[in-house]
Amino acid sequence: EKERRCQLTDTGIKTAEHLLGRDDLFDPSDPWARYLMNALTAKEFFFRDSQYMVRDDKVVIVDEFTGRAMNGRRWDDGLHQAIEAKEGVPIEPEQLTLASISFQSLFRLFKKL
């Protein structure tokens with residue numbers, strides 16, 4: 001996923017600011033840059049029936065190694081919402097990961113299993 005990200009050139013930034021009527025795309029109080037980069041990434045690098053599929057009005061990620069549907073998994077940083085907008089399905093709110101732990105660390109918490 002990290003290899004598949006778009007970046008705007010300086011000319012692209014100025015053009016986008018002009019088209020959107022914004023003074024600064026990178027203003028923290030109005031984060032248009034993030035939305036724009038995710039929309040471009042979704043359009044240029046993510047393809048239906050290759051990286052994802054649409055099933056029951058939901059975008060489902062397809063595992064790149066096995067080709068299996070990964071129900072319940074979502075891309076982060078608003079990319080999943082950009083793909084949902086691209087496909088015209090209802091946009092679900094972004095999920096927030098509060099904590100994560102490996103299985104090995106989890107099992108170490110118990111003296112006996």
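Helices (H or I, at least four residues) and strands (E, at least two) are, in these legends, DSSP runs numbered from the N terminus. The model is predicted, so local features need pLDDT of at least 70 and side-chain atom pairs count only at pLDDT 80 or more, while totals for chains, interfaces and linings use all residues. Residues are numbered from 1 along each chain as its sequence is written, and side-chain values use heavy atoms, with hydrogens and water left out.

**View 1. Leu98 in the loop between helix 3 and helix 4 (103–108).** Leu98 counts as exposed because its relative accessibility is 78%; here exposed means over 50% relative accessible area, buried means under 20%, and partly exposed lies in between (1.4 Å probe, protein chains only). Along the chain, Leu98 and Ser29 are 69 residues apart, and a distance of 23 Å separates their C-alpha atoms.

**View 2. Helix 3 and what covers its buried residues.** The residues of helix 3 that are buried are Leu79, His80, Gln81, Ala82, Ile83 and Glu84. Their cover includes helix 2 (32–45), strand 1 (52–55) and strand 2 (58–62), where contact means heavy atoms within 4.5 Å. Just after helix 3 comes Gly88, which takes a positive phi of about 75°.

**View 3. Glu84 within helix 3 (residues 79–87).** Glu84 counts as buried because its relative accessibility is 1%. Its side chain makes a polar contact with the side chain of Arg74, at 3.1 Å; a polar contact is a pair of N or O atoms within 3.5 Å, and within protein one must be able to donate a hydrogen and the other to accept it, with residues adjacent in sequence counting only if both atoms are side-chain atoms. When residues up to four places away in sequence are not counted, Glu84 touches Val59, Arg74, Val89, Pro90, Ile91 and Glu92.

**View 4. His80, also placed in helix 3.** With a relative accessible area of 0%, His80 is buried. A polar atom of the His80 side chain lies 3.3 Å from the backbone oxygen of Val59. Leaving aside neighbours within four places in sequence, the residues in contact with His80 are Val59, Ile61, Arg73, Arg74 and Trp75.

**View 5. The lining of the second largest pocket.** A pocket is found on a 1 Å grid over the protein atoms alone, as an open set of points with protein on both sides within 12 Å along at least five of seven lines, and lining residues have an atom within 4 Å of a point. The second largest pocket is lined by 13 residues, and Lys58, Val59, Val60, Gly72 and Glu92 lie nearest its centre. Strand 2 and helix 3 are the elements that give two or more residues to this lining, and strand 2 gives the most, with 3 residues.

View 6. Asp57 is exposed, with a relative accessible area of 51%.

Notes:
On a 1 Å grid over the protein atoms alone, a cavity is a set of points where a 1.4 Å probe fits but cannot get out, and a pocket is an open set with protein on both sides within 12 Å along at least five of seven lines; lining residues have an atom within 4 Å of a point.
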